[in-house]
Structures are given as structure tokens and as C-alpha cells.
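User: I have a model open and want to learn how to read its features. Where do we begin?

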Amino acid sequence: MRRYGKNPDEDDIRVRPNPKGNRPRTNRRPKHEDAGEGLVLTVDRGRLTCLIEGRTVTAMKARELGRKSAVVGDRVAVVGDLSGAKDTLARIVRVEPRSSTLRRTADDDDPFERVVVANADQLAIVTALADPEPRPRLIDRCLVAAYDAGLDPLLVLTKSDLASADTLLDSYGALGVPYLVTNRDELADGSAAERIRATLAGRMTAFVGHSGVGKTTLVNALVPERRRATGHVNAVTGRGRHTTTSALALPLPDDAGWVIDTPGVRSFGLHHVDPSRVIHAFPDLEPGTAECPRACSHDEPDCALDEWVSDGHADPARLYSLRRLLATRERREGD
């Protein structure tokens with residue numbers, strides 16, 4: 001049966017309306033060549049605060065980005081209202097390639113990666129010497145994550161007025177990790193902030209540590225005009241209370257660098273870390289792996305590193321430190 005008659009014309013053809021009222025799908029995407037360049041400062045419930053030409057602009061992720069998320073430290077392309085005026089909302093249309101990505105998982109058997117920060121080049125691992133007690137296994141895990149991400153680690157020890165730093169520093173001496181030791185009086189008079197700023201100058205540094213170690217107190221001393229809330233350690237559990245709920249990037253005075261304050265962590269899973277990459281953080285040991293058997297874990301009887309070290313090419317303490325970090329992935333922080 002002929003539907004439109006013998007000689008139909010355009011007026012006879014029925015066009016099915018689009019019930020959603022949107023345009024047909026296409027694989028072509030706009031290039032947004034006129035988009036503004038922004039830096040993500042913080043993320044809060046789907047809204048991202050970006051710094052664009054000295055202004056803070058609130059934006060949301062464009063649907064065309066799909067599941068690709070933007071995190072603190074990301075450099076992004078933004079379109080729409082970039083005035084930063086109240087109640088305006090821009091749109092992030094592109095996340096630029098990252099120079100580094102610091103990741104963690106909830107636990108070692110959790111395959112879901114969480115990106116902590118992007119484009120940082122230094123990781124400040126903040127640990128209290130007392131109240132709460134230091135957790136060396138968590139420090140080890142943060143070191144592994146830093147080496148895996150290509151970040152330079154910095155060990156920051158707080159509350160030295162309550163306990164000595166000597167024992168903890170002795171256990172990390174062979175790693176050659178730079179460190180800073182602070183106490184309450186130095187934070188109060190500003191001398192600690194001056195010493196730390198010199199180490200952070202010209203860099204983007206992410207601060208990590210578990211709750212109650214004084215991480216946000218340090219950030220407040222470094223950037224006093226942008227004070228964040230701080231908490232206290234629970235006298236019963238010995239644990240800190242989460243007061244920082246979202247990561248925040250802050251510029252150091254005189255544009256000397258950036259610090260990123262992150263929420264306190266209770267665990268730092270390393271499911272995403274390939275143990276074979278950890279050796280890259282030990283340039284004095286890496287040449288010795290040339291004679292290792294294929295897929296060597298560097299902690300087995302026929303590992304060539306034992307002979308390399310016994311021949312005097314490297315300090316035995318360095319090999320011990322490497323194997324301790326490699327074993328960290330198989331241990332939980334509380335072990």
C-alpha cells in the first residue's frame with residue numbers, strides 16, 4: 001500500500017518530532033579555542049572554583065567530558081560567564097594533560113582509584129611526633145605513592161615540643177628524604193612558616209597526613225589570610241577529627257608557590273601502584289637490577305641487588321629501605 005500517494009512532495013512527508021527537543025547527536029565537538037585558562041582551586045558537590053586571570057570563577061563540568069573529572073590542581077579550559085560575579089556559573093569544557101597525578105585507593109584490595117591532586121610536584125607528608133602517635137607505615141605508603149607519581153617527597157614533623165624526632169628520622173635517613181621539624185612555639189612566632197616557605201618556593205606542594213597531625217595549622221601559618229578551621233585530637237581514641245572536608249589550593253604570599261591542603265586520611269591504599277616503578281626512586285640501586293631475573297620483585301633469593309650491594313656499589317641500608325617500601329603494599333597501616 002502506497003503511504004503518501006502516487007506523486008508525493010515535501011509537504012506530504014511527515015517528520016517525526018524530537019520529543020527531547022535537542023539537536024541530533026554528532027561525534028564532532030567544538031574546539032572552544034576562545035576558552036579561558038583556569039586552575040581548579042577546590043571542588044564542592046559538583047561545583048568547581050577556578051582561578052582565571054586573578055578572578056575566582058564557579059564552574060561545572062560540561063557533559064561532553066563524560067566521566068573525566070577535574071580535581072584540585074587541574075588546569076582547565078572554561079567557557080561562559082568568566083566575570084566571577086555572584087550567582088554566575090561557567091562551564092569546564094576541557095581538562096588539560098596532567099604533569100603528575102597523585103592517586104590513592106581506600107585499601108590495597110580496592111581497585112577504585114581516587115585522584116587526590118593533579119599537577120603537584122612535591123608531596124609534604126605531615127606527621128605528628130606525639131598526640132597522635134606517628135604511624136610509620138602510613139609514611140611509607142605516602143612515600144611509595146609519591147615516588148610512583150613522580151613527586152618529590154618532603155617529611156614534615158610537627159609537635160617536636162612533645163617528643164623527639166631523632167628515632168623517626170633515623171629510620172628514614174637512608175632514603176635521603178628531606179625533612180623539616182616544627183613545634184608549637186615556632187608556629188606561633190612565624191619562624192616555622194619562614195623555614196617551610198623556603199622549601200616550597202616555586203613549587204606546587206600537596207600536604208597529606210592523617211587527622212590531628214597539624215596539617216591545616218601549618219597551612220594557616222603559611223597562608224594566614226586564608227585561615228581554615230582546625231580541630232583537636234580525641235583524648236580517648238588518640239585520633240584527630242576531620243575538620244578539612246575538601247582539598248583546597250592556596251597561593252603562597254608574593255606568588256612564591258602553591259600549597260594544597262587535603263582532608264586527613266585514615267588509610268592510603270596502594271592497589272594502583274606497580275611495584276616495579278618504585279625502584280626508579282633509588283637511582284643508586286636501579287643499575288643493579290640489570291641482572292635480576294624477569295619479573296623480579298627485588299625481595300627474593302636470586303635478586304641481583306644482593307650481590308650489587310655486597311660488591312660495594314650501594315649502601316645496604318638503601319636496599320633495606322627499598323624492600324621495606326615494597327613490602328608496604330602488602331601491609332596495612334596499623335600492622
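Predicted model: local features only at pLDDT ≥ 70, side-chain atom pairs only at ≥ 80, totals over all residues.

User: How do I read a strand, and which side chains of S2 are buried?

Analyst: Helices (H or I, at least four residues) and strands (E, at least two) are DSSP runs, numbered from the N terminus. Buried means under 20% relative accessible area, exposed over 50%, and partly exposed in between (1.4 Å probe, protein chains only). Now take S2, residues 47-52. Its side chains alternate. Leu48, Cys50 and Ile52 point to one face and are buried.

User: Which strands pair with S2?

Analyst: Two strands pair if DSSP finds at least two bridges between them. S1 (residues 36-44) pairs with S2 in the antiparallel sense, over 5 bridges. Thr42 has Thr49 in S2 as its bridge partner. S3 (residues 55-61) also runs antiparallel to S2, joined by 5 bridges. There, Leu51 has Thr56 in S3 as its bridge partner.

User: What should I check in the hairpins?

Analyst: Look at the connecting residues and their phi angles. The hairpin of S1 and S2 has 2 residues between the strands, and Arg45 takes a positive phi near 50 degrees. In the hairpin of S2 and S3, 2 residues lie between the strands, and Glu53 takes a positive phi near 50 degrees.

User: On to charges. How many salt bridges are there?

Analyst: A salt bridge is a side-chain nitrogen of Lys or Arg within 4 Å of a carboxyl oxygen of Asp or Glu. A search of the whole structure finds 17. One of them joins Glu64 and Arg91, with the closest N and O atoms 3.5 Å apart. This pair links distant parts of the chain, 27 residues apart. Glu64 is in the loop between S3 and strand S4 (75-80), and Arg91 is in strand S5 (residues 90-95). Glu64 is partly exposed at 34% relative accessible area. Arg91 is partly exposed too, at 34%.

User: What does the salt bridge of Glu113 and Arg103 tie together?

Analyst: First the distance: the closest N and O atoms of Glu113 and Arg103 are 2.9 Å apart. Glu113 lies in strand S7 (residues 113-118) and Arg103 in strand S6 (residues 101-105), so the pair ties together parts that are 10 residues apart in sequence. Glu113 is partly exposed at 36%. Arg103 is partly exposed at 31%.

User: Asp140 and Arg137: buried or exposed?

Analyst: Both are buried. They form a salt bridge, with the closest N and O atoms 2.7 Å apart. Both lie in helix H1 (residues 136-149), 3 residues apart, about one turn of the helix. Salt bridges can also share partners: Asp121, Asp152 and Arg203 are joined into one network that way.

User: How many disulfides does the structure hold?

Analyst: A disulfide is a pair of cysteine sulfur atoms within 2.5 Å. The structure holds 0. Take Cys292: the closest cysteine sulfur, in Cys303, is 3.9 Å from its own, too far for a bond. Cys292 is buried at 14% relative accessible area. Cys142 is buried at 1%.

User: Now a single residue. What does Ser160 touch?

Analyst: Contact means heavy atoms within 4.5 Å. Not counting residues up to four places away in sequence, Ser160 touches Leu129, Val181, Thr182 and Asn183. Ser160 sits in the loop between strand S9 (152-158) and helix H2 (166-172). Ser160 is partly exposed, at 24%. Its C-alpha atom is 7.9 Å from that of Arg184, 24 residues apart along the chain.

User: Which backbone oxygen does the side chain of Ser160 reach?

Analyst: A polar contact is a pair of N or O atoms within 3.5 Å; within protein, one must be able to donate a hydrogen and the other to accept it, and residues adjacent in sequence count only if both atoms are side-chain atoms. The Ser160 side chain reaches the backbone oxygen of Thr182 at 2.9 Å.

User: And where does His272 lie?

Analyst: His272 is in the loop between strand S13 (258-261) and helix H6 (305-310). His272 is buried at 14%. A polar atom of its side chain lies 3.2 Å from the backbone oxygen of Arg103. Among the residues His272 touches are Arg104, Glu113 and Asp148.

Notes:
Residues numbered from 1 in each chain as written. Heavy atoms only, no water.
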